[in-house]
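This note is intended for a colleague who is meeting the structure for the first time.

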Amino acid sequence: MVGIFEDLGFEAGLAAVLGNLVGVVVLATVFLLLPIFTIWVERKVAARFQNRIGPNRVGPYGILQSFPDVVKLLGKELILPRNVDKIPYLLSPIIMVAAVVLIVAVIPLAPTIIGTDLSIGALYFVSVGSLTTIAIVMAGWGSNNKYALLGAFRTVAQLISYEIPLVFSLLIPILLVGSLSMQTIVEFQDTYWIIFYVPTAAVIFLVSNIAEIGRAPFDLIEAESELIAGYMIEYSGMAFAMFYLAEFLHAFLVAVIFSVLFLGGWQGPLAQDVPVLGIAYLTIKSFIVYFAMLWVRMTLPRFRIDHLMAFNWKFLVPVSIVHVLVTAGIWSALPEPDLSGGWFARLGEEFPRMALNLVASVVIAVVSLRLLRQYAEQERQRLSEVTAMVEHKQYPLATTGQGAQSNVIVVGTGSGD
Amino acid sequence: MELTWQAIAFFIFSALTLGGGFAVVTQRNIFHAALFLMLSLFGTAGLFVLLIAPFLAAVQVLVYIGAIAILVLFAIMLTRRLMGLTISLNQQWPAAALAMLVLFGVLLLVLTPVGDDILGQNWSANLPTDGDTAPEVTYITVREIGVAFSTQNGFVLPFEIVSLLLTSALIGAIVVAREDEAI
Amino acid sequence: MELGQWAFVAAFFVVAPLLPIAPIVLNRLLAPSRPSETKLDVYECGVETVGDTWGQIKVQYYLYAIIFLVFDVEMVFLFPWAVALGSLDFSAYLAGLVFVFLLVEGLVYAWRKGALEWN
């Protein structure tokens, strides 16, 4: 792109600026328009899960449904409530979308097509992602509404907590590849995808990312029944829509990043020679991951906030730390295989390393799930004793005091659109 | 001096850093001051990029904006009715101004040729001036940082001490924060 | 060249905020604007708002933020370690192991003291 402007006779520096700007506008706009499609996908899939038909009027299978929705939103009044702190209030939706769009810069779409292959690409993804936290605090504070502020602080507590297992599980592919560059991570996976080495890390990464977007079952940050949409409560019109745009775009980008890190990105037959095929492979993989995320969203009920925090700090964080240490140990103990041969030779050479890591990763998953089950059985036992006592009118809830609260089971209301 | 794109970027980021910093101390609204602090930190991240230290830039955003600034905001919220206060200049500003002046003087002496003129030869760090040709600079990659962290000839002891420091910070914070609950 | 790549990122930082600004401005221009006393009020499902918005939050949030900060800094140190590990010998792994164990100690302490509980 830069070359074109240089040919047109622009001075080199200016050509670089213009070329970059055009490239960015094209790339960012393509990704920004994606939610128009993914929202339709989401509504259609959600409908099928709930035994409905979903959008079916505008265009074939309702595929154009999002366009009238956009037009409708443009006509909605943009209310600027009294007493809001204007600057943070108005900046918040902008930063929210911008932070998500920035992730696009480091996604390798094909062997030669990538925004920019930063040497610290993976870290850039985490850093930029942490900017959304700021946007949420600004929304919560700026709205001058108790529910918004409460929602914002809950959200921030959730986001920062789940960032820890997210980064630890991100460390594992980095450790295997020995680079932070996204393109190098994809190139590493030309024999086996990283998910075959460390499936447990992949699951942790996906789960903590779903929490990071705030999707079901981690969507209690916008729990309509208690917090009436949380930090977004005072927003209307397009400003409100921007939060949703950011959420949908972020959700899809998470699927893309997951495919890049664990499912080989653009890797696939002939992708090295035909870049378009690479894009196609990445798109297919991303949509499969996206579907899995929707599946989770439509199936699991919402967490309660103390469970949410406990699940992170007492399960995901320890498991991901152990996983990092185990994988690092195996990786530094094993000798580097000879990867100079052809593809099949490399497949054979790489196999022992892959198999050993796979076994270790599965063992970690099995052991941690067994511990979890043991704990669950204990809890169930304790709970049934408590229930029995209540039925015999002994009311342990009043006498045990502190323990009382954790005995109450609240089942989330699930998610609705 | 030729106005390169790098120079323009440097001026923009410097303006962000300094302007943000200035706003932090002059803003009466403490929440706004915290937001300007983030702006200032962001400008610093940009300066790191210009120094070709992208790892530091990403860390700057991740740790300072993503974590420390959040901690600052939580601390503000923790303090009841801080919003109602109008924060004005306190009594410490002369001392702060003096410290600033001293620091500025030291930097001037060390980083510019002025130091050589006043205090004799070889006082300042011999940074290149416009006349000199730019020296060869080797930029540090993330891998080299990692090697330095974990080899005996490098910084393995400081690396472990950092961990110890972080742990003690964590324990200290928990003790202080839960003081009232008599652990 | 590293800086050239960052020029692209810089361009992203310029363009990214413009993308959400455009529809919001368009919305402002196209949509009707009929503010009224009730419409501009704090939204609390129709109930009059009581007390100050910017009240006190729980210490718990602050504790989570502290623990997060400590782990965040730890992870920053682990990134270069993870990148370099493949090309180093086993002693490098031990260095990282000690580093992480010292922090796990902190996590265990926080867990024991109930700093991870949400009350």
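1. Terms and basis. A residue is called buried under 20% relative accessible area, exposed over 50% and partly exposed in between, with a 1.4 Å probe and protein chains only. The model is predicted: local features need pLDDT of at least 70, side-chain atom pairs count only at pLDDT 80 or more, and totals for chains, interfaces and linings use all residues. Residues are numbered from 1 along each chain as its sequence is written, chains are lettered from A and ligands numbered from 1 in the order in which they are written, and side-chain values use heavy atoms, with hydrogens and water left out.

2. Chain A. This chain has 16 helices and zero strands, where helices (H or I, at least four residues) and strands (E, at least two) are DSSP runs numbered from the N terminus. Of its 417 residues, 57% are buried. Among contacts in chain A (heavy atoms within 4.5 Å) with a separation of 6 or more, 74% join residues 24 or more positions apart.

3. Chain C. Three helices and zero strands make up the secondary structure of chain C, in the order α-α-α from the N terminus. Buried residues are 52% of its 119 residues. For contacts with a separation of 6 or more, residues 24 or more positions apart account for 63% in chain C.

4. Interface of chains A and C. In this interface, 82 residues of chain A touch 68 residues of chain C. The two chains bury about 6,800 Å² between them, 75% of it on carbon and sulfur atoms; buried area is the accessible area (1.4 Å probe) that two parts lose on being put together, summed over both. On the chain A side, A:Arg82, A:Lys146 and A:Trp313 lose the most area to chain C, together 10% of what that side buries. The count of salt bridges between chain A and chain C is zero, a salt bridge being a side-chain nitrogen of Lys or Arg within 4 Å of a carboxyl oxygen of Asp or Glu.

5. Interface of chains C and B. Here 49 residues of chain C are in contact with 45 residues of chain B. The buried area is about 4,500 Å², and carbon and sulfur atoms give 80% of it. Between chain C and chain B the salt-bridge count is again zero.

6. Salt bridges. Over all chains the structure holds eight salt bridges. A:Arg215 pairs with A:Glu42, the closest N and O atoms being 2.8 Å apart. A:Arg215 lies in the loop between α10 and α11 (237-262) of chain A and A:Glu42 in helix α2 (residues 12-49), so the pair ties together parts that are 173 residues apart in sequence. Both partners are buried, A:Arg215 at 3% relative accessibility and A:Glu42 at 1%. These two residues also belong to a salt-bridge network with A:Glu247 and A:Arg297.

7. A second pair. A:Arg43 and A:Asp69 form a salt bridge at 3.0 Å, N to O. The pair links helix α2 to helix α3 (residues 66-74) of chain A, 26 residues apart. A:Arg43 is partly exposed at 30% relative accessible area, and A:Asp69 is partly exposed at 21%.

8. Cavities. How many cavities of 30 Å³ or more does the structure hold? There are four, a cavity being a set of points, on a 1 Å grid over the protein atoms alone, where a 1.4 Å probe fits but cannot get out; lining residues have an atom within 4 Å of a point.

9. A:Ile103. This residue is found in helix α4 (residues 86-103) of chain A and is buried, with a relative accessible area of 1%. Beyond its neighbours within four places in sequence, A:Ile103 contacts A:Tyr124, A:Phe125, A:Val128, A:His250, A:Leu253 and A:Ile257.

Key
On a 1 Å grid over the protein atoms alone, a cavity is a set of points where a 1.4 Å probe fits but cannot get out, and a pocket is an open set with protein on both sides within 12 Å along at least five of seven lines; lining residues have an atom within 4 Å of a point. Grid points are joined across faces, edges and corners, and a volume is the space filled by probe spheres set on the points.
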